[in-house]
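Hi,

Here's the structure I said I'd send over.

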Amino acid sequence: MDKMPKWADVILTPLISLLLAMIISALVILAIGESPTMALKTMVDGALGSSYGWGFTLYYTTNFIFTGLAVAVAYHASLFNIGGEGQAMVGGLGVALVCLALPWPHWGIALPAAMVGAALFGAAWALIPAYLQAKRGSHIVITTIMFNFIAAALLNYVLVNLLRPVGSMDPASARFPEGTHLPALTDMAAALGMEWGRNTPVNITFFIAIVACVLVWLLIWRTRLGYEIRAFGRSEPAAMYAGISPVRITVIAMLISGGLAGLMAINNVMGESERLVLNAVEGAGFIGIAVALMGRNHPFGVFLAALLFGFLYQGGGELALWTSIPRELIIVIQALVILFTGALDNMVRMPLERLFLAMRKRGDA
Amino acid sequence: MDFATIIQILDSAVRLMTPLLLACLAGLYSERSGVFDIGLEGKMLMAAFTSASVAFVTGSAWLGLLAGIAGSMALSLIHGLASITFRGNQLISGVAINFLASGMTVLLGIKIFGLGGRTPALTDGGRFNEVTLPFADALRDVPILGPIYSELISGHTILVYVAFALVPLTWWVLFRTRFGLRLRAVGENPASVDTAGVSVTRLRFAAIALAGILCGLAGAYLATGLSAGFVKEMTAGRGFIALAALIFAKWRPWNALFATFLFGLLEAIANRYPNLDLGIVTVPSMFMNALPYILTVIILAGFVGRAIPPRAGGEPYVKER
């Protein structure tokens, strides 16, 4: 039945797509008169060549794991959640409200509370699009796009009019209390007697992200709910026939998705800036789309793809610092990865399928 | 609020609605043919950049306009290749196009002009000048109608008039020509069009090309009509507001005119009164900015009439074999 062996489907096609995206990126770099090999070397040195680079790469990776998982979970229910950006923004609001509400004595208590805040706010922001899709048939892609803009306006309003400390001109919340400071990986390494990644933002959230990967894997492939989500995603009529409620699955899948996107705020709001600023998400919600596509919506794939994009992000920053290649090159690479692994998937897949069919025929003969 | 102020706000609304209207009509052609287009934003942005660049180099707004159309068309072709030829996901392709435009415009802008992503300010020849309609000055002093004619109707760039003329033209093409009938049919039921011996692929590519031209006009208007040059991310979500307007208009040309006018008016009011005081409550500008999106969600929810998209929208057509 399958035209290709599974490994070709899961590993070969994304790799070829990625390769194509990289080749075109190299051509773009050549076209603006720079050297692709120099660019690659700068990026590798800057992002992976030192513990300082790794510290930032892993920090970005953490963000992208959450937003990538968010897109992936929704995708299994064949829902395309473009709203990760807005959900992560509102998740940040949840984190800020929790952190500013009490004089937290220790991060160990503040962290679970902030996580609940982040996930609840993110999920709430996904709830309305989910409900409208399930009950009123309004397209979730359009509503989540709209909700991204509404979230930006909401956050702008809240930061300027409500959370901004008296006398401050900056549209940002007050600093979180000392007790919400999450241990950075540097501190943890120092406790083990190692010097690693000084002044880097990567923190304990990185491990939470890895746990989230495992939990999402368990959820999707080892639970009844996950089965229902996948069944619904494959065929809505079949799922209904099996007694699975489309409304329930749509809403639950989007709540989980929004919650995961919201959890990203633990990393960037609580772990890094330690206050809520405008545009804290910096496009990570959209990168989640690329990450999920690259990772074939599998948590392990998402992890690897997030690592790749973490590398690209940190490497891109280094490019802007050390060469005359602008940082925006990364957005181009990101676009090409989405284009090739997502939209132009069949361009790679069709010839490959033909190749495998031809090989099989020769094998049979 | 006196009469002169109202005229000024309406005048500003007309300017602000023009890019929305052009992009909305672009989306209309594309989506009526069954190809979702969330890449309107990216195509406008690319067109704004290419038109401003060429207009600066050549000093001709018209050459800039052509370049704008070419830039937008290139992205349209990518979208067509991905979503028609290779039957990929149209939404994902649109997302990719938005990022491609967002990255490429700044990348090229920094490399070519070295101004941090801006293009140099355009001088007279590089911009579309305001057209003064006949007798506009003579009629200025006539009460009520004078200001309406000389300030509101006259004094816009040629692209504004083109945009307005495109509304009846689009209506005529879609609902009174054979091409339009086929275009709508291919968005509702491509198999029937195919059975009639008309190429689905060719029709959809034609629709996407039209969308490319219209987004090109929209982008060129932004960079060489409304302002004097390209600025990083200058579309600022207008492509998505146009998309919202398209849903608001239920995929109809005349409704698109009203929807984009409404959204243009909202933007004009928000610009003029950052904090709108309604007596009882003060409406913050953020709310005014978010209003198009909120309205679209309400419309989508079906509380104010139902917006039903073309039935085959978003689905690649697979010919039976």
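Let's start with chain B. UniProt, in an unreviewed entry, puts the feature "transmembrane region" at residues 12-29, 49-79, 91-113, 153-174, 205-224, 256-274 and 286-304 of chain B. Keep in mind that what you're looking at is a predicted model.

I checked two of those spans against the coordinates. Residues 91-113 of chain B come out as 100% helix and 0% strand, with 33 Å between the end C-alpha atoms. For residues 153-174 of chain B the figures are 82% helix and 9% strand, and the end C-alpha atoms are 27 Å apart.

Next, the contact between the chains. Chain A puts in 34 residues and chain B 36 residues. On the chain A side, the elements giving two or more residues are α5 (107-136), α6 (140-163), α12 (284-294), α14 (329-343) and α15 (345-364).

Finally, a helix pair inside chain A. Helix α8 (residues 205-222) and helix α13 (residues 299-322) of chain A have axes that come within 8 Å and cross at roughly 150°. Since angles over 145 degrees count as roughly antiparallel, that is the label for α8(A) against α13(A). Where they touch, Cys213(A), Val216(A) and Trp217(A) from α8(A) meet Pro299(A), Val302(A) and Phe303(A) from α13(A). That contact has six nonpolar residues, with no polar and no charged ones.

Cheers

Notes:
Residues are numbered from 1 along each chain as its sequence is written. Chains are lettered from A and ligands numbered from 1 in the order in which they are written. This is a predicted model: local features need pLDDT of at least 70, side-chain atom pairs count only at pLDDT 80 or more; totals for chains, interfaces and linings use all residues. Axes are lines fitted to C-alpha atoms, for helices over the stretch in contact, and angles run from 0 to 180 degrees between N-to-C directions. Helices (H or I, at least four residues) and strands (E, at least two) are DSSP runs, numbered from the N terminus. Angles under 35 degrees count as roughly parallel, over 145 as roughly antiparallel, 65 to 115 as roughly perpendicular and the rest as oblique. Two residues are in contact if their C-beta atoms, placed from the backbone, lie within 7 Å. Ala, Val, Leu, Ile, Met, Phe, Trp, Tyr, Cys and Pro count as nonpolar, Asp, Glu, Lys and Arg as charged, and the others, Gly among them, as polar. UniProt positions are given in the numbering used here, feature names are shortened, and annotations may be inferred rather than shown by experiment.
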